[in-house]
Amino acid sequence: MFTHIPNYPQIEKIETGILGFDLISSGGLPKGRTTLVSGTAGSAKTLFAVQFLAEGILRSGDTGVFVTFEEEPADIRRNVKSLGWDIETWEAAGKWLFVDASPEPGEDQVESGRYDLGALLARIEHAVARIGAARLSMDSLGAIFAQFRDAAIVRSELFRIAYVLRQLKVTSIMTSERTQEYGEIGRFGVEEFVADNVVILRNVLEDEKRRRTMEILKYRGTSHQKGEFPFTIVSGRGILAMPLSAMELNQKSSNVRISSGNDELDAMCGGGFFRDSIILASGATGTGKTLITTEFLNGGAKHGERCLLFAFEESREQLFRNAEGWGIDFETMEASGLLKVVCAYPEAASLEDHLIEMKDIIENFKPDRIAVDSLSAMERVATPRGFREFVISLTSFIKHQEVAGLFTSTTPTLMGGVSVTETHISTLTDSIILLRYVETNGSMRRGLTVLKMRGSIHDKDILEFTIDSSGMHLGAPFLHVTGILAGNPRDASFGSHIE
Amino acid sequence: MDLATQYLLKLFVAGRSARTEQAIANLRGLCEGEFPGNYELVIIDVLLQPAIAEAMKILATPTLIKEGPLPVRRIIGDFSDKEKVLAGIGLLAR
């Protein structure tokens with residue numbers, strides 16, 4: 001086992017309740033310590049600070065103190081209402097307490113000689129004692145530096161506050177501004193020395209697309225996941241991170257075979273797909289990907305399995321009409337509760353939001369098999385990196401459900417080639433089915449091959465197939481053609497002559 | 001005695017340290033010099049009365065609030081720079 005490292009003193013952590021963050025941080029924030037959360041304007045620092053307290057109240061019954069240096073409490077109360085958090089109610093119940101250190105508008109303050117922030121510290125200690133706070137958020141450090149001329153005093157007082165919070169065993173967050181996404185941790189160059197732990201929130205514009213990520217930069221004496229993890233903000237839930245590498249590869253694999261919905265294809269795959277496997281069907285437009293999907297769903301419903309289809313290319317009407325054309329009745333399947341079809345435009349939301357939506361639907365519908373037609377449509381709305389993370393995350397999630405997943409991918413060229421989807425997903429999938437156009441002697445035919453079938457023998461031929469009103473029919477192999485997969489079919493029958 | 005020029009001063013300190021006493025001495029000396037007997041100085045220890053500090057939104061100690069005559073002014077520090085204190089109170093109009 002790799003998980004247990006002996007003689008390594010682990011600092012106790014408390015789960016923040018911020019979905020995904022607890023995975024990335026291997027259990028949450030270090031208990032009784034101060035963590036710096038740094039980010040540029042609009043990187044959701046305040047939200048993180050608020051959510052840390054809100055989740056404490058909602059999940060673990062932890063009370064929390066919110067020290068605001070910037071926004072007035074009334075603004076914060078109002079701003080987070082849409083996320084479903086009613087701070088006023090918590091205040092009335094003695095679960096939430098504001099320490100209002102926001103600047104007084106229009107009042108300038110004269111400095112004469114030495115001072116410290118003893119009053120602020122006294123107020124914080126008083127607030128923590130009054131409600132027995134286990135959590136505390138301070139937002140944000142830049143705003144308190146702005147209120148005083150002497151940055152050295154503010155810095156040493158922040159040290160003192162962090163020290164006192166540690167004595168009080170309060171787990172706390174301090175937020176801080178950065179001027180650039182990649183550069184020094186905080187604007188004042190001292191923030192990272194105030195806290196033992198540093199979390200960076202980013203909001204990067206990449207190829208005209210906004211991408212939010214979080215990264216744990218420093219976690220003194222305790223383990224965490226490295227690198228940037230995308231997150232999104234969902235109404236009613238707040239920050240949701242999607243850790244990819246935090247997902248464990250502990251999916252069970254089963255030897256139970258399920259039908260692809262097509263007997264001939266089942267035979268090619270050595271008796272059907274495996275129940276807990278991900279299958280990728282790749283091909284140019286019109287090669288039969290939606291047909292394979294439709295038969296896959298039909299094969300499930302026939303055996304009383306619950307089938308879920310995410311369609312990103314075609315409308316509901318088109319899908320139902322297509323199915324009818326191949327002799328499959330989606331209406332009846334849907335009426336019996338065995339089929340759920342979810343159509344969405346890729347452009348309608350960000351990939352992160354799509355992913356969360358899809359996970360919600362999967363968790364609620366509890367399907368036995370899932371099809372995504374097509375996965376590659378999602379390439380349009382994301383950067384290559386964002387798309388890769390989406391695919392990995394979705395694949396891991398489906399594998400975790402221990403159900404079968406069929407993804408389709410449209411190749412950019414008609415005669416073969418590789419799509420980005422294939423590049424990202426091929427190692428994650430258990431099986432790959434390639435669909436290709438084959439041009440021979442002035443006619444266009446269709447070919448299918450099973451390129452990969454993890455843990456099973458499969459037919460390696462490239463079979464010709466036809467499509468009619470009863471679906472897909474596999475025929476004989478293309479014996480005298482080479483270069484089909486490369487998209488460059490050539491006549492290989494040297495001895496033959498054209499009649 | 002002219003009530004209009006009666007100075008109402010609130011001084012917030014954190015505990016009674018030597019530095020606190022020095023600040024109080026500086027302030028008293030300044031008041032006696034500028035408006036002897038014509039001021040009221042209330043000293044509030046934020047360690048004993050944090051709720052008042054919260055209500056008045058005090059961050060730094062020492063903080064002096066001149067509540068009267070209007071306008072209300074805030075001065076922080078140990079009042080070692082007399083000119084600044086007087087300017088802050090509004091006695092030195094510039």
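1. An open sheet of 5 strands, with mixed pairing, runs in the order S6(A)-S4(B)-S3(B)-S1(B)-S2(B). Strands here are DSSP runs (E, at least two residues), as are helices (H or I, at least four), numbered from the N terminus; two strands pair if DSSP finds at least two bridges between them. The edges are held by S6 (109-111) of chain A and S2 (39-45) of chain B; each has a single partner strand, so one side of each is left without a neighbour in the sheet. On average, neighbouring strands of this sheet are turned by 20° against each other, direction ignored. Axes are lines fitted to C-alpha atoms, for helices over the stretch in contact, and angles run from 0 to 180 degrees between N-to-C directions.

2. On the basis of these notes: this is a predicted model, in which local features need pLDDT of at least 70 and side-chain atom pairs count only at pLDDT 80 or more, while totals for chains, interfaces and linings use all residues. Residues are numbered from 1 along each chain as its sequence is written, chains are lettered from A and ligands numbered from 1 in the order in which they are written, and side-chain values use heavy atoms, with hydrogens and water left out.

3. Within chain B, strand S1 (residues 7-13) runs parallel to S2(B), joined to it by 7 bridges. B:Lys10 is placed opposite B:Val42 in S2(B). Helix H1 (residues 18-34) of chain B packs on the sheet and touches S1, S2 and strand S3 (63-68) of chain B; contact means heavy atoms within 4.5 Å. The direction of H1 makes about 170° with that of S2(B). Helix H3 (residues 82-89) of chain B also packs on the sheet, touching S6 of chain A as well as S1, S3 and strand S4 (73-76) of chain B, and its direction makes about 160° with that of S4(B).

4. How do S6(A) and S4(B) pair, parallel or antiparallel? The pairing is in the parallel sense, over 3 bridges. A:Val110 has B:Ile75 as its bridge partner in S4(B).

5. At the interface, 25 residues of chain B are in contact with 26 residues of chain A. The area buried between the two chains is about 2200 Å², with carbon and sulfur atoms giving 53%. Buried area is the accessible area (1.4 Å probe) that two parts lose on being put together, summed over both. In chain B, the residues that lose the most area to chain A are B:Lys57, B:Leu59 and B:Ile76, together 34% of what that side buries.

6. The rule finds 4 salt bridges across the interface of chain B and chain A, where a salt bridge is a side-chain nitrogen of Lys or Arg within 4 Å of a carboxyl oxygen of Asp or Glu. The side chains of B:Lys57 and A:Glu104 meet in a salt bridge (3.0 Å, N to O). On the side of chain B that touches chain A, the elements giving two or more residues are helix H2 (50-55), S4 and H3 of chain B. H2(B) gives the largest share of that side, 4 residues.

7. Chain A holds an open sheet of 9 strands with mixed pairing, in the order S17-S16-S18-S19-S15-S20-S21-S22-S23. Strand S17 (339-343) and S23 of chain A stand at its edges with a single partner strand each, so one side of each has no neighbour in the sheet. Neighbouring strands of this sheet are turned by 25° against each other on average, direction ignored.

8. Strand S16 (residues 307-311) and strand S18 (residues 369-373) of chain A pair in the parallel sense over 5 bridges, with A:Ile370 in S18(A) as the bridge partner of A:Leu308. Helix H11 (residues 316-325) of chain A packs on the sheet, touching S16, S17 and S22 of chain A, and its direction makes about 135° with that of S17(A).

9. Strand S22 (residues 463-468) and strand S23 (residues 471-477) of chain A run antiparallel, joined by 5 bridges. A hairpin joins S22(A) to S23(A) through 2 residues, and A:Thr466 stands opposite A:His473 in S23(A).
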